[in-house]
Amino acid sequence: MSGSVLFDAPGPRARRRNRVISLAVLVVAVITVSAVLARLADKGQLAAAKWHPFLTADLWRTYVWPGIEGTLTAAAMSVVLAGILGVGLGVARMSPNRWVSRPAAVVVEFFRAVPVLIMMIFAYFLYALYDVFPSQQLPLAGVVTGLTLYNGAVIAEIIRTGVASLPRGQTEAAASLGLGWWQTVRMIQLPQAVAAMLPVLISQLVVVLKDTAIGYQITFVEMVRQGTVIGSSYGNYLPALLVIAVLMITMNFALSAVATRLERRLTRSRGASGSPDAEAVEADGAPGVLIQPGD
């Protein structure tokens, strides 16, 4: 009998009921969208004149491109810094030394619990108070700081979960070869954990890109804020936000495609080097010793 880890496969009556519910929801959605579009058409938001500004280079150069540049800059910096912070906190939290693991756990749980916007605002005013960055760079610094701290804590938990999911035989085999804790983590556990948790890491990268939109609260120039500025300037809020939505979706899909391609490439390289369930380590003059998950 086929089933799922989360729920049992529905029977014939449940499948019929699900089809009826799905059809009803679809009909309601179509009616609602049609009514909204009709109302917007009455207000002139769907008129061709509202879309005409997007055919001019001046609008893209003045409004859209600065928003794209700000979004990509903040996302790229945050991804790099959050990755470094996440790996560091994740490894520290797994440390056998309690003086290292417990403070790391407190830091991770704290930054996971604090809303990203609050961290952005706090960092923005803190940097402004002590003149850490030039005034024109304060919004970017606040956004990057907030995204780095929050997503670094999330990535740390992803890394820790990935390592915890590995079979105990990995650690025991490494200990039998004379590897220390740090060598075991660096050479055996981290590479496998990152490969296993790569889909989750990819989804977190998309979250970073989308969360840059929160930065408008501290006057950061990003795509969503620029969309509202366009709508205010040209009186075409709906077309402006639709164009920005298409651009954001395109960027998210492109990021997911690149990450998925990287994942496949890593999977192929692991398969080409040998069994994906085995890792070769060299310790104390014993090259080529395979650590099998079941050992």
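A salt bridge here is a side-chain nitrogen of Lys or Arg within 4 Å of a carboxyl oxygen of Asp or Glu. The model is predicted, so local features need pLDDT of at least 70 and side-chain atom pairs count only at pLDDT 80 or more, while totals for chains, interfaces and linings use all residues. Residues are numbered from 1 along each chain as its sequence is written, and side-chain values use heavy atoms, with hydrogens and water left out.

**View 1. Asp58 pairs up with Arg61.** In this salt bridge, the closest N and O atoms are 3.4 Å apart. Both residues sit in helix α3, three residues apart, or about one turn of the helix. (Helices are DSSP runs of H or I with at least four residues, strands are runs of E with at least two, and both are numbered from the N terminus.) Asp58 is partly exposed at 40% relative accessible area, and Arg61 is exposed at 54%. For those words, buried means under 20%, exposed over 50% and partly exposed in between, using a 1.4 Å probe and protein chains only.

**View 2. Glu157 takes part in two of the bridges shown here, one with Arg112 and one with Arg160.** With Arg112, the closest N and O atoms are 3.6 Å apart. That pair links distant parts of the chain: Glu157 belongs to helix α6 and Arg112 to helix α4 (residues 98-113), 45 residues apart. With Arg160, the closest N and O atoms are 3.0 Å apart, and here both partners lie in α6, three residues from each other. Glu157 counts as buried at 12% relative accessibility, whereas Arg112 is partly exposed at 37% and Arg160 is partly exposed at 29%.

View 3. The structure as a whole holds six salt bridges.

**View 4. Here is the largest nonpolar core, with 16 residues.** Such a core is a set of buried Ala, Val, Leu, Ile, Met, Phe, Trp, Tyr and Cys residues joined through side-chain atoms within 4.5 Å. Among the residues with the most contacts inside it are Val91, Met94, Ile155 and Leu201. Two or more residues each come from α3 (57-93), α6 (138-164), α8 (181-196) and α9 (198-211). Helix α6 gives the largest share, five residues.

**View 5. Arg15 sits in helix α1 (residues 12-42).** Arg15 is partly exposed, with a relative accessible area of 37%.
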